[in-house]
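Let's walk through this protein together, from its overall make-up down to single pairs of side chains. Please keep the structure open beside you as you read.

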Amino acid sequence: MSSLRTFTGREAELAAIVDLARECAQTKTPRFLLIEGPPGIGKSALVHEALRTAAPDWFCDEVHFDPADADRELDAVVQFLRREARADAPRDVRGLVKMLADQADSLPGPSVTVVENLHWADDGTRDVLYQVAREAEQAPLLVIGTAQPESRETMARFSRLAAAQSTALHIVLGPFSAAEIRRRLVTASGLPISHSVAERVRQVTDGFPAFVDHVAGWLMASEPGSSRHIDDAFESFGHDGGPAAELQDDVAHHLIRMDRHTRILLELLAVADRGLSISEMRSALEVPPETERLQGSSLVTYSRGRFEIQYGVVRRAMRELVPPQRLAAHHAALMEVEGFPAEIIHQARAAQLEGEDTEGLVPQMLEATADSAASGERRGALELAAATCDIAQTPETLESFARAALRAKRSRSLRAAEPAVHGLPPGVLRSALRARLHLDRGQFDEAQFELNRVTDFSGPSQQTLLLYAGAVCMLARTQAARGDFSTLHGLFQRTLTQLDAADRRVSEGTEHACSDARLRMDATNFRAVLKMWAALAAAESSSVGASYSTVGRMLMDLELQPGTEYAQAVLRTVRGAGLRQTGGRAEALEDLEWVSRHRQHLEGGAVTYARIQLVYVLFDAGLWDEASGLALEAASAVLLDAEDPAASIAYAVAALVPACRSALAGWDRTLNVVAAMGDSAGPMAQAARFYSLAWEAIAGGDHERAVGCLLKMHGAGRWWRGGIASGVLLGREYYYSGQASAVGILLKDLKANYGAMGRIRGFASLYLQGLQNLAEGRAEEGLTSLLAAVDEISAEPPLRRAMPEGDGGGFRIFRALLAMDVGHAVVENRAHLEDRRDRAAELLTWAVQVWQGCSAPGLISQAQLLLSRLSDCAAEDAAAAEADRPAIHVYSGADVPTAPMPIVPAADTQLTGPMQRVIYDLPTSVPDEAVRMMSALTAREREVALLVGQGLTNKDIARNLVLSVRTVEFHVTNVLGKLNLRSRHELRRMLQPRGLTT
């Protein structure tokens, strides 16, 4: 239950009051606090929280003023005196000031005097309280006053006092900002909340704490994933326990003090669709408006020559307080003042309230709705259609209302007409609208039943048939997001048949062509979308590639037809999702980014689904910052539309990158919310949750847990359902968790059933074959397959122009995992794969760079550990080889070589003592100290170090040694690290022959 007296937020203001109270108690001197703000802003809640926190044991006197106190001179202030002193209390200001001061001095501890609604006190009472606050000197007395801002001098002096004195504090409470609202909603829900959602809440609640707190409470109490929409929270403001009734009481008290003329002006402003100028108010009232009281009110703003109720929640509360007769008069008066479409709405409202016949207005309002829609005024069209439906609920008005709501992307508005929808005769219109209502509530099976029950399509207009087709399209999209739409194939075909029949009737002349161009485009769009769903629903898994080719041909046709952006966006979303799963990442990116640029043509759930697919593409390409930002944007904005199945997936996908970055702690609540949704969220939402958890395990090196999560994601016998990449990931984790036999099963299934995946299938086959060979002890064959998989995936085109060739394109992070697997194979099979060490080092160095770019500490550590182990293997092998050869001492040459220093074996000479060496590949010109230090290097590292000493670049060294530049970079980094050198320049100086100066 939300209340205007419930404390929420205001932490900074609370801390300031606590400090003021502490100063009062410690110094034993008075303090004054004034809290100002409009009604309902949370002044009382802040006061009581401050008293509970800072002064729980203080002596407390509290008085609440109401409008009646304004006429009772000094009566209220007497209530601050002790009961026994009230009978003899003086009736003058000075005497009461002295008695209150003496009373405060006599108390054994600090005391607080709270004056609520100071603006309603009489002038004498305000005088007494002002002087007590200003003149008290030695008592530990805290005087707290709350008030609505007013311009009267008797109130303004309190503001000046609170602002001017060092022993006083002035707090002006305003509405919560969108940022403050967002923090509150995130804390309450455990879900990501976008700035757009918070801004929407701010617009509707005006940032009033009790209303914001009500929205937060609704988020906590309502079931996640149940097709929630943030508007549902707003609709519950007026229910039992909501804040609207309490605010109405506060506003009613405020209005009591107003004279009748000012109250009428406020009512007129509350009913008006916009602010009114003085001339417009004069025209509406037929008398000159007296606006002085309006300008002094905290409820009204004056800007650019217009008066307006400052806060929407106050305007709505005030409107509810207007008696029906006066409300009708206000609507009638505003009809002559406000322009289209408000004027016709006012006319209808006035007629309704006065009990007049409104049937004659319906044709005019339907025409006005159509005109407004044709001019692109979607909000105005919806307001007109809703008003029309209020006065006459006929099939024609309901159809008009439904079209306007869908065009404005406010399908939930149909709930206002739900009783009338249920009252329609059975048929296409009734089933279409009932299906929409079911879809908005997440009742997908009921929506499917409702659409399937229509058997007679004779009679509905083209407009009605299009409402039906639109509902079928929405059902298809939601069922696809849930993971299965194959049961809808018959519904698709039946709807297409009816659309084609309508076209034939038009061409045969038995039915007039629709004059509305937008409706004709709707028919084209729906037909294309339904054809796509029908083709995909009929396709077997082996012919999925052919289905996407069909979608491609349909897109080519649509691109030639203006006004088909909706169909193009749906088709590109579906094709992009399919291409992502089957390996066409560059093409998928092109489709999904097109959808993102044209998202205004789709309903919210479809946009969310497209963003989810785009997140996965960016994630696999190693563009994790971009993926994370887009995932958060998709998940945090769903409440602006509805929590449909795509929303549940978005919540889970938003945790993917944090999981890989070992930062999942902040997302535990979100994933728990998805888990709690269970089957209602659909298998794809749970699959996305398990995929995020699997990556957390992979990044942490917990391969058994990763296998468990991936199996739950895929389901028994459906290993490749999640796409080629996740299937490969499962095989990899099988290998590292000691379940290598399962790798062969995966490989067999891939070869038998997924022949249409092209290059990516070849990559997956080689990858799994390599892991299987390694597990069976065939190290050479295993590494050969893994390196062939590297070559295969390296041929993938770059996802973006700025990305280099040969990095794996849209499968960059899988190439990085594969690079780690190559390194692991070489380390674990060093005796058989020594000649592949440089290639492994090159790949591991690249993988470290990829994971660093992804900011994935766990994966960075894994790759670096493999690099270190690879380097240690090289050092151990070099030391073992050198230990088997006779030690030779190399003398430093006296002459400086003029040609590059040759790398040759030293003379066959042996010394003893400190000058003994076990290094055979250094030239005689290298100083003895450098020879000693370089004994820690491998043979290859010494080779690279000497070439650096000669001034060669990495590119030159790579050419001389027939290595890649990345491998050389790897060796140079190791050399500098082992020798504790900071730069190549220091290395050259160390290798400089004696006597050579620079």
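A residue counts as buried when its relative accessible area is under 20%, as exposed when over 50%, and as partly exposed in between, using a 1.4 Å probe and protein chains only. What you see is a predicted model, in which local features need pLDDT of at least 70 and side-chain atom pairs count only at pLDDT 80 or more, while totals for chains, interfaces and linings use all residues. Residues are numbered from 1 along each chain as its sequence is written, and side-chain values use heavy atoms, with hydrogens and water left out.

Let's begin with L191. With a relative accessible area of 2%, L191 is buried. You will find L191 in the loop between α7 (178-189) and α8 (195-205); helices here are DSSP runs of H or I with at least four residues, strands are runs of E with at least two, and both are numbered from the N terminus. Which residues surround this leucine? Apart from neighbours within four places in sequence, L191 is in contact (heavy atoms within 4.5 Å) with V186, R228, E643, Y651, T670 and V673. The C-alpha atom of L191 also lies 8.2 Å from that of W667, although the two residues are 476 apart along the chain.

Now step back to the whole protein. It has 48 helices and seven strands, and 55% of its 998 residues count as buried. Among contacts between residues at least 6 apart in sequence, 68% join residues at least 24 apart.

Next, a pair of helices. Two packed helices are described by the angle between their axes and the distance between the axes. Helix α12 (residues 260-271) and helix α16 (residues 324-335) have axes that come within 10 Å and cross at roughly 65°. That makes α12 roughly perpendicular to α16, a label for angles of 65 to 115 degrees. The axes are lines fitted to C-alpha atoms over the stretch in contact, and angles run from 0 to 180 degrees between N-to-C directions. The crossing of α12 and α16 is right-handed, meaning that the near helix is turned clockwise from the far one by less than a right angle. On the α12 side, I264, E267, L268 and V271 take part, and they meet R326, L327, H330, H331 and L334 in α16. By class, this contact has five nonpolar, two polar and two charged residues.

Finally, look at the salt bridges, each a side-chain nitrogen of Lys or Arg within 4 Å of a carboxyl oxygen of Asp or Glu. The count comes to 52. One of them joins D232 and R412, whose closest N and O atoms are 2.7 Å apart. This pair links distant parts of the chain, since D232 sits in helix α10 (residues 230-235) and R412 in the loop between α20 (395-407) and α21 (418-422), 180 residues apart.

A second salt bridge, at 2.6 Å from N to O, brings together R306 and E280. R306 belongs to strand β7 (residues 306-309) and E280 to helix α13 (residues 278-285), 26 residues apart. Here R306 is partly exposed at 32%, whereas E280 is buried at 13%.

Conventions: Parallel < 35°, antiparallel > 145°, perpendicular 65-115°, else oblique. Nonpolar A, V, L, I, M, F, W, Y, C, P; charged D, E, K, R; others polar.
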